[in-house]
Amino acid sequence: LEPHRQVLISDLVDSANRHFLNQDLDGAEPYFRKVLLIDPFNEQAVQGLQMFENLKLIRSEGGATTP
């Protein structure tokens, strides 16, 4: 089972990265989350979600107006 698990993780990370590179952050997020369900300590998925969260925060702050 382990080789199949690793292939699945690799495919999910590749899909997430394709979305991310196309600036489709919302499309990338579910793939990173699926990876973490299979492998909670996967560094690529952890880092990908951290980037997603940071960029989402930046976007929301960029749209905010300050008095």
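Select Glu29, Arg33, Glu53 and Lys56 together. These four residues are linked in a network of salt bridges. Keep in mind that this is a predicted model.

Now take the network pair by pair. Zoom in on Arg33 and Glu29. Their side chains form a salt bridge, with N and O 2.8 Å apart. Both residues sit in helix H2 (residues 25-38), four residues apart. That spacing is about one helical turn. Arg33 is partly exposed, at 39% relative accessibility.

Next, select Glu53 and Lys56. Which helix holds this pair? Colour helix H3 (residues 43-63), and you will find both residues there. They are three residues apart, again about one helical turn.

Now move to helix H1 (residues 2-21) and select Glu2 and Arg5. The two lie three residues apart, about one turn of the helix. A salt bridge joins them, and their closest N and O atoms are 3.0 Å apart. Glu2 is partly exposed at 42% relative accessibility. Arg5 is partly exposed as well, with a relative accessible area of 27%.

Why look for such pairs? Side chains of opposite charge can pair when their charged atoms come close. Across the model, the count comes to four salt bridges.

Terms used. Residues are numbered from 1 along each chain as its sequence is written. This is a predicted model: local features need pLDDT of at least 70, side-chain atom pairs count only at pLDDT 80 or more; totals for chains, interfaces and linings use all residues. Side-chain values use heavy atoms; hydrogens and water are left out. Buried means under 20% relative accessible area, exposed over 50%, partly exposed in between (1.4 Å probe, protein chains only).
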